[in-house]
Protein chains: 2
Amino acid sequence: MIRVGINGYGTIGKRVADAVAAQDDMELVGVAKTRPNFEAETAVSKGYPLYAAIEERLPLFEDAGIDVAGGVEDLVEASDVVVDACPSGIGAENKSMYDEYDTPALYQGGEDADLVDVSFNARSNFAEAEGADHVRVVSCNTTGLSRLLAPLQEEYGVKKARVTLVRRGGDPGQTGRGPINDILPNPVTLPSHHGPDVNTIFPDLNIDTLGMKVPATLMHTHSVNVQLEAVPTAEEVRELLGAESRLFLVPEKYAIDGAGKLKEFAMDHGRPRADIWENCIWDQSISMEDDDLYLFQAIHQESDVVPENVDAIRAVLGAADREESMTRTDDAMGVGF
Amino acid sequence: MIRVGINGYGTIGKRVADAVAAQDDMELVGVAKTRPNFEAETAVSKGYPLYAAIEERLPLFEDAGIDVAGGVEDLVEASDVVVDACPSGIGAENKSMYDEYDTPALYQGGEDADLVDVSFNARSNFAEAEGADHVRVVSCNTTGLSRLLAPLQEEYGVKKARVTLVRRGGDPGQTGRGPINDILPNPVTLPSHHGPDVNTIFPDLNIDTLGMKVPATLMHTHSVNVQLEAVPTAEEVRELLGAESRLFLVPEKYAIDGAGKLKEFAMDHGRPRADIWENCIWDQSISMEDDDLYLFQAIHQESDVVPENVDAIRAVLGAADREESMTRTDDAMGVGF
């Protein structure tokens with residue numbers, strides 16, 4: 001059994017904790033949290049051992065009547081791998097602690113690429129993470145783009161990708177964020193960070209990305225153009241993408257027009273927290289114009305990286321190859337509609 | 001003096017009426033309206049003769065205490081040109097009436113291209129409208145794209161344009177429209193109507209467009225890619241576009257991040273109804289990557305076609321050439337920041 005610790009129990013951490021707990025080759029040692037809010041209560045009620053991410057705050061948990069198993073260093077020491085799901089920038093501060101206990105660490109996409117040995121996407125570069133001490137699971141959008149580009153690159157070759165990412169302004173719980181009633185080029189300058197971030201996975205891929213922010217909270221939506229070297233039909237692209245386990249081709253007959261109905265669909269399927277781990281690609285949108293492939297895909301910012309984190313655990317330890325790990329992760333979590 | 005009648009006094013009609021009234025070579029014969037709402041009151045208070053667009057409704061205006069100069073056919077008969085600013089589809093129903101009185105008519109972009117002899121954008125094909133009986137001033141988005149593509153096509157040649165139009169869900173007054181908190185591929189299939197509509201102005205231009213709808217009301221925003229034949233620097237593109245009277249390059253120093261601040265800026269400049277007649281192109285966004293030009297532009301859906309309607313009036317009558325008309329229109333309206 002792989003002993004896994006999770007440092008940071010917010011949006012990503014709590015989801016990765018559930019996904020790890022569902023794997024039969026992994027044991028969740030515990031989760032570390034900075035404060036005793038509603039999420040700490042939930043961790044306790046699920047039976048996850050709780051550690052104080054900041055040791056001086058131990059009394060806060062005691063005051064709240066929450067039993068704590070120890071400080072975060074105890075968790076790191078007891079784990080074969082730590083998933084760092086702390087807010088952007090805190091992972092970098094934690095790095096020396098992971099080194100001290102010689103525990104391999106996985107960081108999230110908010111950390112800088114040069115903090116780590118390898119940036120990771122299961123479908124695209126699983127094997128590169130083996131033996132690494134520090135691995136970064138790329139962000140939700142970069143994960144979504146990598147999953148899509150990997151089969152296209154392998155099958156047809158990518159001449160150039162041009163993507164406009166229409167991003168949700170904030171998650172549903174991030175009540176202080178905007179915009180309200182506006183469409184913001186964000187950043188105004190080019191490229192957005194997503195293109196260079198995709199290049200941490202595919203170093204030689206020619207990609208330009210533009211970012212925007214809009215008043216929505218549910219999912220990001222990408223307007224994708226990929227100019228291909230070999231030119232398939234739209235139907236062939238549909239077949240290629242449809243065969244990928246983490247790409248969901250939204251059928252026309254479902255009459256799903258946006259993220260709201262996608263989330264309804266996920267809830268109807270009993271998905272925990274209405275999570276959508278797959279890229280949602282509108283089947284009808286897949287079009288070829290000369291050598292230009294176009295499509296729309298929606299990306300659930302809170303959850304698409306969760307199966308990737310689970311795979312990265314096996315990858316750093318060399319505990320499975322790509323196909324075995326992805327299948328195992330997907331089966332245990334219920335990935336695929 | 002060119003005698004101009006306006007049939008339809010809603011979002012576009014009322015703005016065109018004001019713009020026509022401001023031209024010293026035009027006389028506003030009157031405006032036709034279907035019902036005596038707040039806009040009818042405003043027309044009367046501005047001294048615009050009001051005509052009943054549906055003659056059977058004359059009593060409604062009398063009941064509301066509004067003096068009416070006659071029915072719409074009187075207006076058409078008394079005009080040298082009629083601007084039809086009725087809701088989409090009504091223009092087509094009105095066509096035979098304009099023919100009956102032998103009055104040239106200008107329609108809006110919501111009508112089908114094959115209703116008319118010529119689709120029109122002042123910068124791109126002014127001269128083609130001369131002598132035409134039926135001319136369509138293309139929609140706000142097509143106007144915005146045509147203004148941008150015309151100088152690029154002339155100066156560098158366009159290999160291919162790929163544009164994602166992130167559209168406002170509805171105007172501020174269209175309180176029944178959505179989406180709320182969603183990002184909709186719209187249409188899901190490709191291309192959106194904008195590409196083919198641009199081809200009514202530039203028949204041979206290679207363009208693919210994708211449309212989306214988001215919860216915003218103020219302006220549309222385009223993520224634009226234009227692959228050019230001859231490759232300029234970004235600075236050269238800035239100079240080319242900056243010289244166009246209806247393209248406003250939003251300077252970095254203004255710190256304008258979206259449509260909200262653009263509208264504030266317009267209001268601070270005393271613009272009627274906070275209108276922005278110009279394409280708003282973020283100067284910083286203008287980038288070249290190999291032969292790919294990228295930029296973001298915002299388009300004010302309620303007003304960018306207004307100067308185009310004024311120019312189309314002179315164009316159909318052969319009353320001025322392109323440069324003379326555009327300068328005259330812009331000077332009288334105050335186009336250009």
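Select Cys140(A) to begin: leaving aside neighbours within four places in sequence, it is in contact (heavy atoms within 4.5 Å) with His220(A), Ile299(A), Gln301(A), Asp304(A) and Val305(A). The model is predicted, so local features need pLDDT of at least 70 and side-chain atom pairs count only at pLDDT 80 or more, while totals for chains, interfaces and linings use all residues. Residues are numbered from 1 along each chain as its sequence is written, chains are lettered from A and ligands numbered from 1 in the order in which they are written, and side-chain values use heavy atoms, with hydrogens and water left out.

Stay with Cys140(A), where an unreviewed UniProt entry places the feature "active site"; UniProt positions are given in the numbering used here, feature names are shortened, and annotations may be inferred rather than shown by experiment. Cys140(A) belongs to helix α7 (residues 140-155) of chain A, where helices (H or I, at least four residues) and strands (E, at least two) are DSSP runs numbered from the N terminus. At 13% relative accessibility Cys140(A) counts as buried, a word that means under 20% relative accessible area, with exposed being over 50% and partly exposed in between (1.4 Å probe, protein chains only).

Next, colour residues 2-140 of chain A, which the unreviewed UniProt entry annotates as "domain: Glyceraldehyde 3-phosphate dehydrogenase NAD(P) binding". Over this stretch the chain is 35% helix and 24% strand, and the end C-alpha atoms are 25 Å apart.

Now move to chain B and select Arg147(B), in helix α7 (residues 140-155) of that chain. Arg147(B) is buried, at 2% relative accessibility, and its side chain reaches the backbone oxygen of Asp304(B) at 2.8 Å. Not counting residues up to four places away in sequence, the residues that Arg147(B) touches include Asn121(B), Arg246(B), Trp277(B), Glu278(B) and Glu308(B).

For the aromatic rings, the rule is that rings of Phe, Tyr and Trp (its six-membered ring) pair if their centres lie within 6.5 Å, with planes under 30 degrees apart counting as stacked, over 60 as edge-to-face and the rest as tilted. By this rule there are 12 aromatic pairs over all chains. Show Phe120(A) and Phe126(A), whose ring centres are 5.9 Å apart and whose planes stand at 55 degrees, so the pair is tilted. Phe120(A) is buried at a relative accessible area of 0%, and Phe126(A) is buried at 5%.

Then show Tyr254(B) and Phe265(B): their ring centres are 5.4 Å apart with planes at 40 degrees, so this pair is also tilted. The pair links distant parts of the chain, 11 residues apart, with Tyr254(B) in the loop between β13 (247-250) and α10 (259-268) of chain B and Phe265(B) in helix α10. Tyr254(B) is partly exposed, at 38%, whereas Phe265(B) is buried, at 14%.

In chain A, ring pairs link Phe248(A), Tyr254(A), Phe265(A) and Phe337(A) into a cluster. In chain B, Arg271(B) lies over the face of Phe337(B), at 4.0 Å from the ring centre.

Finally, show both chains together. Chain B can be laid on chain A with an RMSD of 0.0 Å by a turn of 180 degrees and a shift of 0.0 Å along the axis, which is the relation of a two-fold axis; the copies are superposed by least squares on the C-alpha atoms of residues with pLDDT of at least 70 in both. Select Pro215(B), whose C-alpha comes closest to the rotation axis among the residues of chain B, at 3.0 Å. Of the interface residues of chain B, 100% are also interface residues in chain A, so the copies meet through the same surface.

How values were computed: A charge sits over a ring if NZ of Lys or CZ of Arg is within 6 Å of the ring centre and within 35 degrees of the ring normal. A polar contact is a pair of N or O atoms within 3.5 Å; within protein, one must be able to donate a hydrogen and the other to accept it, and residues adjacent in sequence count only if both atoms are side-chain atoms.
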